[in-house]
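Below is a colleague's note for a reader new to this structure. The points are numbered and can be read in order.

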There are 2 protein chains.
Amino acid sequence: MKLTFEHQELLKSVNIAMKAVSSKTTMPILECILIDASADQIRFISNDMELGIETIAEGTIIERGMVALHAKTFSEIIRRLPASTVTIETNENYLTRITCEKAKFDIPGQAGDTFAYLPIVERNASVSITQFTLRQMINQTIFSTAANETNKIMTGELFEMNSGNLRIVALDGHRIAIRMQELGADVENRRVIIPGKTLQELSRIIDGGLEDPVTIYFSDNHVIFEFDQTMVLSRLIDGEYFSVDQMLSNDYETKVSIQKQELINCINRASLLVRESDKMPVILNIGENTMQLSINTAIGSMDEAMDIEMEGKDIRIGFNPKFLLDALRVIDDEVVTMYFIGPVAPCYIRDEEGKYNYIVLPVNIAR
Amino acid sequence: MKLTFEHQELLKSVNIAMKAVSSKTTMPILECILIDASADQIRFISNDMELGIETIAEGTIIERGMVALHAKTFSEIIRRLPASTVTIETNENYLTRITCEKAKFDIPGQAGDTFAYLPIVERNASVSITQFTLRQMINQTIFSTAANETNKIMTGELFEMNSGNLRIVALDGHRIAIRMQELGADVENRRVIIPGKTLQELSRIIDGGLEDPVTIYFSDNHVIFEFDQTMVLSRLIDGEYFSVDQMLSNDYETKVSIQKQELINCINRASLLVRESDKMPVILNIGENTMQLSINTAIGSMDEAMDIEMEGKDIRIGFNPKFLLDALRVIDDEVVTMYFIGPVAPCYIRDEEGKYNYIVLPVNIAR
């Protein structure tokens, strides 16, 4: 095999393929990127058995072939080469020579046929969305997935297509994040659970063009995201997702509108008195068009008042400051509206149009 | 005690004082910053028993007094306050209230008299140097001090005043870094060993004005750096520093001039094939106005040729790539000159004027 690339194109493709390389694995071949130039295109393929990526690299095939290279070594070499033409050439023992200007690297490779190819997935149903919107929807919900695997379903996000809308839901038992987007197309109703890790890596690859589309294909066990010259394939998580609709309510006793950045700064200041070990809540005291935020920990105490617009009853309610911050940080609106039902009921941070809804359970402060 | 500050001034003083706060200590009072407003000025004092800092903060004393506050908590609070007037007020139990706009913090404080004050040091001899030059000289040598305490003297830097010159020397057994500067003044001859940690923190505080002076005072056991409104005091390291003069030589068999950045990029590329565990050297093969750099490790091999100007004999010599990189990165010149005596003798990277001299021991590659 002998290929040439412009450095920048090569680096772009390597960076994309790196996103599905296992860092911890018992199968050394999964630490590799497969360069497949056995046909008319150069494909970089990586696969950690849950997530797989195939991307077409712009380059010239001088001699066809394929080789699996240790991904970390390969990517570090490419990253540090000068911005010039790069040649990748393998001999019959898969020893691979990478040359660029006067620099010359030799690294061992493996036969391509030992590589775990991506499964062939039937592409029946599909939806299309812009890269910008998909990335935004992922980033605005992903923090609410559960980090540990105790409940596998909570580590994923629900993608729900219903009546032409896409709704993404993430929850971890303490909070729920919901983002809704009209797809404006005739979309088949469907519910799938996509691993959080897949979505995280995906959001790092799609470069977020306002007009550039991503096409999402679904099969029974897989989802495929196709965009530009790249395909990201992932297993789905088995199981039935939680019914969140029964937790949604439009009733409220108290409605508060507040400057988002001011609230973020205030919760940030309160958070610095919280150490990992003691999970002290921030207490919101709402009344007379003022929200007083206070916290009292072993380190010290803090309180601060903010002007708000309010409707309804006064309320005193406590929250884990991190859960409020996580939601507030991803909301684009400058003024946010919070709805409260009572001191032991969840708080809803949502917009009028139903594009987002962040539901946070309170902490019991009735002591 | 009751004081007011503009936020920016307060933050500046807190950041300076934080540099001498112990993070690991069995004496909780050393985790504190002392605010001393018992006289006409507001002083922030910190002390980790080896390094001490005293800085005058711009602010208004409404009521005199002093208090020791937990440095980390205090600095985090100040950092996150809005840019407005900050009031710090203590009650008779040293409970300290920090207010800024509508934010109000209460944190516990301690009586100032439990604090370990800085020792009073007799200021006999002194030299003056600009902040810019001192910081540069520290940064251009500090990496050659030893990280571990096996040999205490190697963790410090020699400051040697001789015939109106300041020479700073750092060495760790594998390499030596020397920086020389004319002080252009009638300076008393003197040799002291200053702890590396002191110099590292100092270089982070002095903001490097080309014209702003630092005055350095010496006593038998201490050194004091005085600049702007700040005093940094440090113990000296006891003992006799190594005589480096006998290791300096102007003889050479091979002299090489090379583009510094090109050499750095090339060694960087070679380094990525080196893992922590196997300390493989880079091999320089010098001859016919070419330097060929090569490395061969378990990960792969690399070689690259660079154009050089040379005088003298051909040579083949091996080095730890990190030691070459550390020196090359801090040299300002675009073209550097390297002098070799033989494959088992040190290499010298030095300028014509004798301002810098980096001496690196080779690795034995005669295998």
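1. Strand β26(B) pairs with strand β27 (residues 356–360) of chain B in the antiparallel sense over four bridges. Two strands count as paired if DSSP finds at least two bridges between them, and helices (H or I, at least four residues) and strands (E, at least two) are DSSP runs numbered from the N terminus. Cys347(B) has Val360(B) in β27(B) as its bridge partner. The hairpin of β26(B) and β27(B) has five residues between the strands, and Gly354(B) there takes a positive phi near 75°.

2. This is a predicted model, in which local features need pLDDT of at least 70 and side-chain atom pairs count only at pLDDT 80 or more, while totals for chains, interfaces and linings use all residues. Residues are numbered from 1 along each chain as its sequence is written, and chains are lettered from A and ligands numbered from 1 in the order in which they are written.

3. On its other pairing, β26 (residues 347–350) of chain B joins strand β25 (residues 335–340) of chain B, antiparallel, over three bridges. A hairpin of six residues leads from β25(B) to β26(B).

4. Which strands make up the open sheet of nine strands? The order is β5(A)-β1(A)-β7(A)-β8(A)-β9(A)-β22(B)-β21(B)-β20(B)-β24(B), with antiparallel pairing. β5 (60–63) of chain A and β24 (315–319) of chain B stand at the edges with a single partner strand each, so one side of each has no neighbour in the sheet. From one strand to the next the twist averages 15°.

5. Within this sheet, strand β21 (residues 290–296) of chain B and strand β22 (residues 301–307) of chain B run antiparallel and are joined by seven bridges. Ile295(B) stands opposite Met302(B) in β22(B). In a regular strand the side chains alternate between the two faces of the sheet.

6. Helix α1 (residues 7–18) of chain A touches β1 (2–6), β7 (85–90) and β8 (96–100) of chain A, and its direction makes about 100° with that of β1(A). Helix α5 (residues 260–271) of chain B touches β9 of chain A together with β20 (282–287), β21 and β22 of chain B, and the direction of α5(B) makes about 175° with that of β22(B). Axes are lines fitted to C-alpha atoms, for helices over the stretch in contact, and angles run from 0 to 180 degrees between N-to-C directions.

7. The contact between the chains takes 22 residues from chain A and 21 residues from chain B; residues are in contact if their C-beta atoms, placed from the backbone, lie within 7 Å. On the side of chain A, the elements that give two or more residues are α2 (71–80), β9 (103–107), α5 (260–271) and β22 (301–307). The largest share, six residues, comes from β22(A). By class, this side has 10 nonpolar, four polar and eight charged residues (nonpolar: Ala, Val, Leu, Ile, Met, Phe, Trp, Tyr, Cys and Pro; charged: Asp, Glu, Lys and Arg; polar: the others, Gly among them).

8. Strand pairing also crosses between the chains here: β22(A) and strand β9 (residues 103–107) of chain B run antiparallel and are joined by four bridges. Asp303(A) stands opposite Lys104(B) in β9(B).

9. In chain A, α1(A) and α2(A) pack at an angle of about 150°, with their axes 10 Å apart. That makes α1(A) roughly antiparallel to α2(A), a term for angles over 145 degrees. Leu10(A), Leu11(A), Val14(A) and Met18(A) in α1(A) meet Ala71(A), Phe74(A), Ser75(A), Ile78(A) and Arg79(A) in α2(A). This contact divides into seven nonpolar, one polar and one charged residues.

10. The domain assignment of chain A, which is automatic or from a database, gives domain 1 (2–114), domain 2 (125–245) and domain 3 (249–360). Taken over C-alpha atoms, the centres of domain 2 and domain 3 of chain A are separated by 27 Å. Their contact takes 10 residues from domain 2 of chain A and 11 residues from domain 3 of chain A. On the domain 2 side, strand β14 (residues 175–182) of chain A gives the most, with six residues.

Key. Contact = placed C-beta atoms within 7 Å. Parallel < 35°, antiparallel > 145°, perpendicular 65-115°, else oblique.
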